[in-house]
Structures are given as structure tokens and as C-alpha cells.
Amino acid sequence: MAEAHAEAHEVHHRSIWPLTVALAGGFGFGGLATQMWPLVVIGIVLLGVGVGGFLWQDARGISFAVKQAAEEKPFVGISVRKLGMWIFIVSEIFFFTGLIGAGLALRVRAPFWPNPASSDFPLNVPLTAVNTFILIASSFTMAEAVHAAHLGKEKHMKVFLLATLILGTTFVSIQAIEYFKIFLEENLTPWPNPIRPELGSFGSAFYTQTGFHGAHVTGGLFGLAFLSVKALRGRAWPSRAETVEIVGLYWHFVDVVWIFLFPIMYLIGR
Amino acid sequence: MAAPTTVAHGTERIAQELKRPYVLVLVLLAIVTVAEVQVPTLGRNLDFTTTLQASLLMTSSVVKASLVALYYMHLRYEPRLLSLLPVGPLVFVLLLVVTVMSH
């Protein structure tokens, strides 16, 4: 056991890029929160360096993969990487809980909140219902891609990964089009505006919650694009099935968040 | 060095033993989503309170999220401790909702 621990310690990865991206998040969001724009610029630069460094390292075939395959007690038999993603997902649940909780606090205190059943409701519910199904369908194709990867079915994996990428891109595109329409035509802005001042609180909650979700989906699309390009180039690596599964876990998580956001923002009035 | 073997077994199990009710789950998710979209109109016609509508929609959302987590994220087939990991924050979700609503 002691030898196993010593070996695990020796092979622990020392890639600098995850830390760089984490620092980018710290500077970027810290700058946004305090409105110190130079910090935001530093964050964006660090993000570019971190992601670029990872892609450069990957293109050169340099691997810092964690070689310690599985956790010991209490998570016996679960790979370190998968456990890491689950812990990240737990932190994301806290993040979205705070965001939705803030929206709920705003909802119960705002002087006005639009009713989805009324004719002047600013959001397009039927279009977003279709968009919701598109995201759910992308979770289905992702689950199929993971399954195909575990079975070693190369062609199936590529097809389902690409299908997930296309469906996810469609979801974000429809959301972007809806943003433009409601901003310009329905006068729903993230801040109070003189044309429809009563929608100020709703607009603030709507853009914050759906915007952060959209950013998470866009991040997932980068992961999917990365996997798809590698798969289409025919580049396999020893833990590929597990990598597809881990990206899949993140993708399903953003689907689960939308499962709650859709009724909260589009279907429940006050 | 038994750990890698355990992982290999886990991967093998996912590949071979899963019944893959993926299509059934997709159909269920679609049906529940269509039903959800009807709630505001039904609520207006049948004079449902907002609380009742919100309760119906949150229940259906929990059902949908559970289907995704259990089958697409494979939590149904993972060790119990890992399955419980994402349930932990839900206690805080409840606390937050109760706190916000009670003020």
C-alpha cells in the first residue's frame, strides 16, 4: 500500500495550464465583480494562454495525464478524473443554486413579474420549448457517443459526437436569435428601460440566469469540438473512452440546469 | 495495484451490462416537456394558483433531471457514494428556497 501511495505521488501531473485557466477565472470574474477592467483584460489574456498552452501541448503529444487510475477509500474504483469532474459539477450546482436563489429573491420582491399565460409575455415559449427538446436530444446523442466510445465503435462515436456538437450549436444559436428579438422588439433589457420599465427585475434575472447557462453550454461546445476534431483525425489515446465520458458528464449537467431554468423563467409567473 | 483493474472492470461493465434505455428516456423527457408547456394555459383556464403551477413544474423538473442523472450520467450504475455526491448540495438548495420565501 505504501508503495502504491509513493507511486501515486510520483506520477501526479504537473501541467501548468489548469492553474493558468483557474487564475484566468479568478482575475476575470474578480474584475467583472469589482468593475476593475484591467483585471478582466488580464483574465482574458490568461485564458488565451491557458487554453492555447493546453492545445499546443496536446498537438505535440505531451501528456500530463494522471496515471493514478483510481481512488481508494471512500471512492473505491472510481477514476480520479471522473471523480474530479463530479466534484466540479457539485461546485457548479452551488453556483447555479446561488444564481437561481437570487432570481427567486428578486421575483418575490419585484413590483411586477410577467405572467407566461398573458398575451404581452415577452419571451417566446413555443420556440424555447423546441430549443429545450434540442438540448435534451443532445444529451441523448452524447450518451450514445459515450456508449460507443466504451464499446470501441469508432464510427458511431464520431457520428454521435458530431450530432451533439451540431445540436448544442443549434441551441446556442436559437438562444442568441431570441436574445436579439426580445432585446430589440420586446424591449426586454437586463436593466430598467423607459419603454417597459416594469420589466427591469425580470430582465435582470432572465439575462443573468440564461446568460450564465448559455456561457456554460458554449464552454461545453469547445470541449465537444476538441473531442470531435481529434476523433475525426483518427487520433486515439489510451483513456479516450473515459475522456468522452467526462466531457459527457459536463454536457448532461448543463442539460439538467436548463431542465430547471426553462420552467423557472418561461413557465412560472407570480 | 488493484485499482486499475477495478476501473477496467467498471468500463467493461458500462460497455456490456447497461440496458441502455436511452431512447425510452428521451421519449419520456419529450413527453414531460410538452406537458410542462401546457401548464400556464391550463392553470389560467382551470384557475390554478401560481404555487400549484410552480409545484407541478418543479416536480416534473425533478423527474426529468433524475432521469438524465440516473441514465445518461450513469449514476444508477455508479457506487452509492458517488451517486450521493450531487445530492449533497440539494440540502442547501432547500435551505435557500425556504429562507428566501420566508422573508
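Student: Why does A:E245 count as buried?

Tutor: This is a predicted model, and the relative accessibility of A:E245 in it is 5%. Buried means under 20%, so A:E245 counts as buried.

Student: What makes A:K82 and A:E245 a salt bridge?

Tutor: Their closest N and O atoms are 3.1 Å apart. The cut-off is within 4 Å for a side-chain nitrogen of Lys or Arg and a carboxyl oxygen of Asp or Glu, so the pair qualifies. A:K82 sits in helix α4 (residues 80–109) of chain A and A:E245 in helix α8 (residues 240–267), so this pair links distant parts of the chain, 163 residues apart.

Student: Is A:K82 buried or exposed?

Tutor: Its relative accessible area is 8%. That is under 20%, so A:K82 is buried.

Student: Which residue of chain B does A:K82 meet in a salt bridge?

Tutor: The side chain of A:K82 meets that of B:E78, with 2.6 Å from N to O. Between chain B and chain A the count is one salt bridge, while a search over all chains of the whole structure finds 10.

Student: How many residues does each chain bring to the contact, and how much area is buried?

Tutor: Chain A brings 55 residues and chain B brings 46. The two chains bury about 4500 Å² between them, 82% of it on carbon and sulfur atoms. The size of an interface is often given as the accessible area lost when the parts come together.

Student: Why is A:D120 with A:R196 called a salt bridge?

Tutor: The N to O distance is 3.9 Å. The limit is within 4 Å, so the pair passes. A:D120 lies in the loop between α4 and α5 (125–151) of chain A, and A:R196 in the loop between α6 (154–184) and α7 (200–232), so the pair ties together parts 76 residues apart in sequence.

Student: What makes B:E36 and B:K64 a salt bridge?

Tutor: Their side chains meet at 3.0 Å, N to O. This is within 4 Å, so the pair meets the rule. B:E36 lies in helix α2 of chain B and B:K64 in helix α3, so the pair ties together parts 28 residues apart in sequence. Both residues are buried.

Student: How many helices and strands does chain A have?

Tutor: Chain A has eight helices and zero strands. Of its 270 residues, 47% count as buried. Chain A exposes about 13000 Å², with 71% supplied by carbon and sulfur atoms.

How values were computed
Residues numbered from 1 in each chain as written. Chains lettered and ligands numbered in written order. Predicted model: local features only at pLDDT ≥ 70, side-chain atom pairs only at ≥ 80, totals over all residues. Heavy atoms only, no water. Contact = heavy atoms within 4.5 Å. Buried area = accessible area lost by both parts, 1.4 Å probe. Helix = DSSP H or I, 4+ residues; strand = E, 2+ residues; numbered from the N terminus. Buried < 20%, exposed > 50% of the residue type's maximum accessible area, 1.4 Å probe, protein only. Areas by Shrake-Rupley, 256 points an atom, 1.4 Å probe, with all protein chains shown as cover.
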